Amino acid sequence: MHKISANNLHGPALPDDTTVHLVLDLALKIGEVQMASGAGAADVTATILSVTESYGLPHTEVDVIYTSISVSCHRGTDAPPITAVRVVRQRSLDYTRLAAVEHLVRHLGPIENAHAELEDITNAKHPYPRWVATAAWAGMAAAVAFLVGGGWELAITAGIVTAVIDRVGRVLNRRALPFFFQQLVGGALATGAALTVFATQLLPNVRPSLLVAVGIVVLLSGLALVSTVQDAISGYNVTAAGRTVETVLLSAGLIAGVAIAIRTAVHFGLEIRLTDPLPPLISAVPMQFAAGAATSAFFALACYARPRALVAAAISGAIGTAAYGLVTSFGLDALLGSAVAAAITGFGGATMTRRLRIPTLVVVQAGVVPLLPGWTVYRGLFQLTAEGDPAGLSTLVFASGIALALAGGVVFGEYLAQPVRTGLGRLERKFAGPRMSGPLKPTKRRLE
């Protein structure tokens, strides 16, 4: 049998086994924080490769799926590879934690210090008290109310209802109720509150349909639409499929909650009527600009973003809503208008955030929140449940199209922004595609 001599052995000269294990553990924990915060699989992969390269592990393979991350370090032909796996069990939108991890990756020091710093980041409390997040969700609902043409009564009512939904969701989350049922309860509460206002005529100036639409926008805002499309475009089909299933399931829970509330009202003889559709320009331009900025800023605050990120999110929201109003004024329908506005938002977010050291995901996801199709979803559900009109299915499909147009437009805007951004490494240009999280540090390894 032919023996391989020492001169024929091939492979990198690596640190000792203990250091390799420490590096892989650090890279996996960083990737877990990114995945839990909504980052795309391509961004997680690129960040892990950047970390392992920085600590002298140039030949590593990374496999990212929606629920787990695997990293294998190749050690040549004379030693078996070292492989480590980490499961992503919990997901939460904490943009401060995401930004802190990115800062850590940009300024990696000794491996022991990096582990200690990462431990501090992951164990740190949220930068704001929980009641601030509840107030931010309520403020976001109030801003959306102005965005859809409502007044102060609708804004205050929507804020109160949203705060109640958030606190109820908090209680249900502590009891480990699946998110599907939390969305169902949220949709039922938002619709039930609107139907109560309609039945009692306590607030005659509040349109119940708009109140439900505002609640739907708030409940849809936490879904990872942008990351789902980014994973699909970047070739991470398994992760994209997992995100798609979760998004569809949570959306189905929301739809079920709204539909149950409407059907219950109809069953008990409440005569509900749907007002005329919203006009293309959903509010006057100055109000549209301000309400869009406030909506995005409050969403970022609810996700624990830092003050600098709040300002960037507000700018992104103002640009997105203003762009939507402008393009629809030229005759584009809601679908094309959403795609164009989202592309402008993605382009602006990509060019603005890298210099500010803010994760692009924070700004672009907040920027498209004001454009979510809450009214269209409600109209489709009303047609199906209250009117028994099969056309409601077409309306819901159109709402899904708007959501996909928003997410796809953001990713396309990121692609357009790449040539004008500075400091782009080969890793981003040739491998990662549009980057919304993680550093831009290139690696010497050939990835194509």
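Let me begin with a term: a crossing of two helices is called left-handed if the near helix is turned anticlockwise from the far one by less than a right angle, and right-handed if the turn is clockwise. With that in hand, and bearing in mind that what we have here is a predicted model, I can say that the crossing of α1 and α3 is left-handed.

Two packed helices are described by the angle between their axes and the distance between the axes. For helix α1, residues 17–36, and helix α3, residues 95–106, the angle is about 150°, and the axes lie 9 Å apart. On the α1 side the contact is made by I30, V33 and Q34, which meet R97, L98, V101, L104 and V105 of α3.

Five cavities of 30 Å³ or more are found in the structure, and the largest cavity holds about 80 Å³ of space.

Which helices each supply at least two residues of the lining of the largest cavity? They are α9 (225–234), α14 (360–368) and α16 (391–417), and of these α16 gives the most, with three residues. If you wish to find the place in the model, the lining consists of L220, S221, L223, L225 and V226, together with Q365, V368, V369 and L372, and then A403, L406 and A407.

How values were computed. Residues are numbered from 1 along each chain as its sequence is written. This is a predicted model: local features need pLDDT of at least 70, side-chain atom pairs count only at pLDDT 80 or more; totals for chains, interfaces and linings use all residues. Side-chain values use heavy atoms; hydrogens and water are left out. Axes are lines fitted to C-alpha atoms, for helices over the stretch in contact, and angles run from 0 to 180 degrees between N-to-C directions. Helices (H or I, at least four residues) and strands (E, at least two) are DSSP runs, numbered from the N terminus. Contact means heavy atoms within 4.5 Å. On a 1 Å grid over the protein atoms alone, a cavity is a set of points where a 1.4 Å probe fits but cannot get out, and a pocket is an open set with protein on both sides within 12 Å along at least five of seven lines; lining residues have an atom within 4 Å of a point. Grid points are joined across faces, edges and corners, and a volume is the space filled by probe spheres set on the points.
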